[in-house]
Amino acid sequence: MSKSLKLWLFSQYILVGLLILLIGIGTVPSYLSGRWIWQEVPDILNIKHLKNLSETGLTLPDAQLKEHQPFMLGNKKWSAQVFQKSEQPFMLLLMPQDYHKNLPQTELSDLQYLEKWKIDSERSIRVPIQINQERYSVVPRYFKAWTKTTFIIVQWYAWPGGGSYSASNWFWQDQWSQLRQKRLPWIAVTLKIPIEPSQELKTMLPTINSLVQTVQTNLETQVFSQLQTSSTSVK
């Protein structure tokens, strides 16, 4: 076995060990008291404010709103908004968590089946976010999609202080929050940016970065900042 592979395996063992230790620290006191923390999911105070995003949509100060229409996809309510920023039109689709125990699952792929997209060149990108003195990043996926029209689709699950196209990333972040008797609210986000069929994806990276930063920042300031986690649990 090569030295590099041994080092990689050792680092994985360390990570697994730390995770087990953290879970143990959080669960042993609950076990001794007969109350398991994962049986008591904390409330998200003001979750109605999060749920109402489907009806109200999001305000983007540096973009002009052209149209807003809520719609149902299965049993989930989405907000669809059409904006114009400088010379670039785009559509913003949002599906917020609407109940304390709801987890992100197939929201992002549901849109693909609804609109029957043919997709190509799927990739991910790390986008830096700065709000006041706080810095973090979100990792959306983006790809070219077409039916009769060609778009760049950009998707991620947004949460306070982060975001990712992978629901499993939210899951682990939420598990960490639950160890501290908190929860991590989430919003499924999709951007549709119309392009010419021959346009290269790499030429759109500045636009993608700018729009992701705009949307995530305004979700933080308009939505997530209004939410808190209580110590009362939902049974």
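# Buried charges and salt bridges

Arg-183 counts as buried, with a relative accessibility of 6%. Arg-183 is paired with Asp-174 in a salt bridge whose closest N and O atoms lie 2.9 Å apart. Asp-174 is likewise buried, at 2% relative accessibility. The model is predicted, and a search of the whole structure gives seven salt bridges.

**Salt bridge network**
- Shared partners connect Lys-76, Glu-107 and Asp-110 into one network of salt bridges.
- Within this group, Glu-107 and Lys-76 have their closest N and O atoms 3.1 Å apart.
- Glu-107 belongs to helix H4 (residues 107-115) and Lys-76 to strand E3 (residues 76-85), so that this pair links distant parts of the chain, 31 residues apart.
- Glu-107 has a relative accessible area of 2% and is buried; Lys-76 is also buried, at 17%.

**Bridge from helix H4 to strand E11**
- Lys-192 forms a salt bridge with Glu-115, with 2.8 Å between the closest N and O atoms.
- The two residues are 77 apart in the chain, Lys-192 in strand E11 (residues 187-194) and Glu-115 in helix H4.
- Lys-192 is buried at 7% relative accessibility, whereas Glu-115 is partly exposed at 26%.

**Whole chain**
- The secondary structure consists of six helices and 12 strands.
- The chain has 235 residues, of which 42% count as buried.
- Of the contacts between residues at least 6 apart in sequence, 67% join residues at least 24 apart.
- The accessible surface is about 13200 Å², and carbon and sulfur atoms account for 55% of that area.

Notes
Residues numbered from 1 in each chain as written. Predicted model: local features only at pLDDT ≥ 70, side-chain atom pairs only at ≥ 80, totals over all residues. Heavy atoms only, no water. Helix = DSSP H or I, 4+ residues; strand = E, 2+ residues; numbered from the N terminus. Buried < 20%, exposed > 50% of the residue type's maximum accessible area, 1.4 Å probe, protein only. Contact = heavy atoms within 4.5 Å. Areas by Shrake-Rupley, 256 points an atom, 1.4 Å probe, with all protein chains shown as cover. Salt bridge = Lys/Arg side-chain N within 4 Å of Asp/Glu carboxyl O.
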